[in-house]
Amino acid sequence: FSRLGNLLERADQTSRILDVKYFMLLPSPEHVGTPYDDIQWAALLKSVSALEMYRRVRHSIQHSFVAEFLILNREFPRSIHSCLIRAEESLRWLLQGKTEGSDPYARISGLCRELSRTTIYEIIKKGLHEFLDGMQARIIEINRSIHDAFFANISASPKEEAAAASPTDA
């Protein structure tokens with residue numbers, strides 16, 4: 001459960017950092033491709049411990065490549081897609097392979113399939129902010145479904161049950 005929670009939190013935080021930074025760094029036309037633009041995007045990558053790995057994959061920093069790397073890269077451990085793939089594996093393990101009929105598993109595996117089929121150009125065309133906002137909402141729903149599937153039916157402690165059973169003084 002700890003690993004699952006960590007991975008979902010990491011995916012959520014990466015989406016939030018990228019969303020906020022993209023909005024703040026959205027370059028004005030005169031700054032696109034300038035050293036100033038590169039420094040800002042490099043700082044974003046560094047803030048999520050991604051600069052070195054990004055440099056191994058890409059030699060130039062461009063906002064669409066950075067967004068693609070942080071959203072869709074399956075190998076980089078802090079990318080949204082990578083986190084969700086590993087969270088799906090953790091959930092499969094928790095369910096002991098019995099994933100059929102599991103709402104949390106259906107939600108997370110569906111999201112992973114969608115990310116596998118999409119491109120950064122489709123994301124940007126629809127709007128990066130809208131995509132990331134939707135991603136955050138879906139991660140929240142996954143978290144909620146995990147809670148409902150595993151924790152909602154846990155009975156209260158004996159002390160809480162006793163307190164609920166005894167009448168209160170008026």
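## Starting at Tyr-105

With a relative accessibility of 12%, Tyr-105 counts as buried (buried means under 20% relative accessible area, exposed over 50%, and partly exposed in between, using a 1.4 Å probe and protein chains only). Tyr-105 belongs to helix 6, which covers residues 103-117. Helices here are DSSP runs of H or I with at least four residues, strands are runs of E with at least two, and both are numbered from the N terminus.

Who does Tyr-105 touch? Setting aside neighbours within four places in sequence, Tyr-105 is in contact with Glu-88, Leu-91, Arg-92, Leu-95 and Thr-99, where contact means heavy atoms within 4.5 Å. Glu-88 is 17 residues away along the chain, yet its C-alpha atom and that of Tyr-105 are separated by 6.8 Å. With Arg-92 there is a side-chain to side-chain polar contact at 3.2 Å (a pair of N or O atoms within 3.5 Å; within protein, one must be able to donate a hydrogen and the other to accept it, and residues adjacent in sequence count only if both atoms are side-chain atoms).

## What you're looking at

This is a predicted model, so local features need pLDDT of at least 70 and side-chain atom pairs count only at pLDDT 80 or more, while totals for chains, interfaces and linings use all residues. Residues are numbered from 1 along each chain as its sequence is written, and side-chain values use heavy atoms, leaving out hydrogens and water.

The chain has nine helices and zero strands. Of its 170 residues, 39% count as buried. Take the contacts between residues at least 6 apart in sequence: 61% of them join residues at least 24 apart.

## Helix 8 and its partners

Two packed helices are described by the angle between their axes and the distance between the axes. Axes are lines fitted to C-alpha atoms, for helices over the stretch in contact, and angles run from 0 to 180 degrees between N-to-C directions. Helix 6 packs with helix 8 at about 155 degrees, their axes 8 Å apart.

Helix 5 (residues 80-94) meets helix 8 (residues 128-150) at about 10 degrees, with axes 13 Å apart. Helix 5 and helix 8 are therefore roughly parallel. Ile-80, Leu-84, Leu-91 and Leu-94 make the contact from helix 5, and Leu-132, Met-135 and Phe-150 from helix 8. Those residues come out as seven nonpolar, no polar and no charged.

Helix 4 (residues 63-72) is mostly covered, with eight of its ten residues buried. Among them are Phe-65, Phe-69 and Leu-72.

Most residues other than glycine have a negative phi. Ser-49, however, has a positive phi near 55 degrees. Ser-49 sits in the loop between helix 2 (35-47) and helix 3 (51-57), and is exposed at 51% relative accessible area. Gln-96 also has a positive phi, of about 55 degrees. Its place is the loop between helix 5 and helix 6, and Gln-96 counts as exposed at 62% relative accessibility.

How values were computed. Parallel < 35°, antiparallel > 145°, perpendicular 65-115°, else oblique. Nonpolar A, V, L, I, M, F, W, Y, C, P; charged D, E, K, R; others polar.
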